[in-house]
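Biologist: Can you put the model up? I have some things to ask about it.
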Amino acid sequence: MNTGSSVNRQPKNSAAKGTEAQEVEALYRIAQLVGSALDLEKALTEVLRVLHDTLRMERATLVLADETTTRLAIRASYGLSPEEAKRGVYGLGEGIIGKIFQSVSPFVVPDISREPLFLNRTGARARFSKGEISFIGVPVVLLQEPVGVLTVDRLFGPEISFEEDIRFLTVVVTLIAQFLNLHHAIRRRQAHLIEENRFLKAELHNRYSRHNIIGQSKVMQEVFRMIDKVAPTRATVLLLGESGTGKELVARAVHLASPRMDGPFIKINCAALPETLLESELLGHEKGAFTGAVAPKKGRFELADGGTLFLDEIGELPLALQSKLLRVLQEKQFERLGGTKTIKVDVRVIAATNRILVDSVTQGTFRADLFYRLNVVPLVLPPLRERREDIPLLIDHFLRESNKTNKRQVRLSREVLEFLSDYEWPGNVRELQNLIERLVIMADDDCMRMEDLPAYMVAEPEYAQEETTPPCIPLLAPQRSLALKDLERAEVEAALRRNGWIQARAARELGITQRQIGYRLKKYGLRPPDMG
Ligand SMILES: Nc1ncnc2c1ncn2[C@@H]1O[C@H](COP(=O)(O)OP(=O)(O)OP(=O)(O)O)[C@@H](O)[C@H]1O
Ligand SMILES: [Mg+2]
């Protein structure tokens with residue numbers, strides 16, 4: 001043991017028994033703090049408080065080496081103001097604390113006024129006359145390496161035994177070292193879990209959000225598999241699905257996953273232009289081809305050379321243009337309007353429609369030969385209501401995006417989530433995306449509740465219709481709806497009775513959703529018999 005001037009100025013005094021009891025109490029209280037090792041600084045501060053409370057040590061500090069072991073900084077203290085604690089940063093060999101750390105042995109300064117090594121960096125001791133204070137420091141050792149120093153100030157008196165104090169403080173630092181050990185182990189485990197979590201999230205994201213398309217449902221997984229399969233080829237893809245199901249998104253994904261990804265992705269909406277304009281947009285024109293054609297212009301086929309041409313709403317293509325398109329697709333060459341030069345292009349075609357194209361073929365509004373030419377790889381995007389398991393994922397995705405854009409933290413209540421999972425989504429993913437964006441923008445606080453949903457979503461469409469029955473048949477309408485309501489009430493009640501009043505089962509039998517049956521129960525005041 002080092003001592004500043006003299007060791008053991010006093011032999012162990014008669015009050016030793018009392019001190020021992022206090023020490024045991026202190027150790028007992030410190031040991032109880034082990035469980036709080038998660039919050040290290042708080043636990044260590046508590047340890048130092050115990051030292052003060054039970055042994056009347058005036059001030060205590062614990063300095064620990066930082067991670068690079070270049071500096072020692074106060075990590076916990078008792079009796080120091082926050083400013084004083086902040087000042088306590090030491091070089092590794094600096095002052096007494098640095099010395100204790102480097103020599104890995106305790107140090108006692110019986111009277112700090114006579115110790116030149118004393119830096120008093122924190123300035124805390126200015127409040128006392130230096131002559132009253134002795135200082136004891138012991139190293140904290142973990143796995144045979146010094147990791148810090150515990151120091152205490154005592155107002156000294158005749159009863160003090162430095163040896164006894166050092167022996168006791170050495171036990172305390174052993175406990176502190178165990179704290180640190182446990183804390184580091186928890187930290188490592190936590191870091192490992194955080195890393196694992198990050199990895200799993202990325203995996204999940206990859207699996208359920210390929211090509212920026214979200215979907216964990218079986219059908220969407222199949223869509224991803226098809227994209228991977230067709231992307232490397234030049235095959236024409238026909239995307240079928242209701243409005244808002246993600247046809248354009250998939251078309252872009254096919255392009256981006258194809259060897260043409262660096263080439264252009266050109267889109268043309270076949271429903272947006274009149275026939276003549278559409279033809280010149282597709283094939284281009286030469287100067288003077290028609291009134292207004294003041295300069296030659298490349299068509300979309302030419303612009304898409306080396307890339308992908310996306311023919312959106314192909315079902316709306318006029319019959320006359322259908323045959324022209326078929327020729328281009330088959331021969332991969334064409335002439336601009338008013339031109340004679342044959343232009344060859346290397347274009348991959350992806351077409352999309354929300355029409356049932358086979359029906360159009362049967363009705364004679366879509367050429368069968370063009371249909372077969374386009375239908376090489378059909379890809380059907382199912383409506384959202386048929387893949388409800390994707391709804392929570394999509395909500396999470398759009399919520400994240402909208403929150404980020406609008407710098408908000410909006411969350412949806414469980415009730416809203418359940419409602420949205422059950423909703424019919426006639427506008428599919430687009431409707432969901434727009435709704436979330438609107439909710440985030442309009443949100444007054446950060447939790448969205450049922451009352452924040454737009455009225456059209458919450459209203460029951462059938463009854464809304466009844467209420468807006470045209471006024472020209474005022475007498476008939478109420479009677480008719482009354483009769484219907486009676487019928488419906490009886491139907492619902494019967495189904496509930498047959499299914500032991502289990503709403504989910506009755507709903508399934510009636511072919512309606514749980515939300516819808518819930519609504520009807522409320523509307524007709526239906527209750528299981530035992531509830532009156
Ligand atoms: N699975 C999905 N994951 C993420 N976003 C999606 C998904 N499906 C659709 N979207 C988004 O929904 C919106 C509508 O999609 P898209 O324009 O591709 O639909 P569409 O089928 O082409 O509709 P329409 O027939 O009306 O043109 C877009 O903003 C798109 O990014
Ligand atoms: Mg579209």
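Modeller: What follows covers the ligand site, then one residue elsewhere. This is a predicted model, where local features need pLDDT of at least 70, side-chain atom pairs count only at pLDDT 80 or more, and totals for chains, interfaces and linings use all residues. Residues are numbered from 1 along each chain as its sequence is written, chains are lettered from A and ligands numbered from 1 in the order in which they are written, and side-chain values use heavy atoms, with hydrogens and water left out.

Biologist: How many residues surround ligand 1?
Modeller: There are 16, counting a residue if one of its heavy atoms lies within 4 Å. Ser243, Gly244, Lys247, Arg430 and Gln433 are the closest.

Biologist: Which helices each supply at least two residues of that shell?
Modeller: α7 (247–256), α13 (391–406) and α15 (428–442) do; helices are DSSP runs of H or I, at least four residues, numbered from the N terminus.

Biologist: What is 2.8 Å from an oxygen atom of ligand 1?
Modeller: An N or O atom in the side chain of Arg430. For backbone N or O atoms, Gly246 has one 3.1 Å from a ligand 1 oxygen, and Leu249 has one at 3.0 Å from a ligand 1 oxygen.

Biologist: Different topic. Is Phe101 buried or exposed?
Modeller: Phe101 counts as buried because its relative accessible area is 5%, and buried means under 20% (1.4 Å probe, protein chains only). Phe101 belongs to helix α4 (residues 95–103).

Definitions and conventions:
Polar contact = N/O pair within 3.5 Å; in protein donor to acceptor, adjacent residues only side chain to side chain. Buried < 20%, exposed > 50% of the residue type's maximum accessible area, 1.4 Å probe, protein only.
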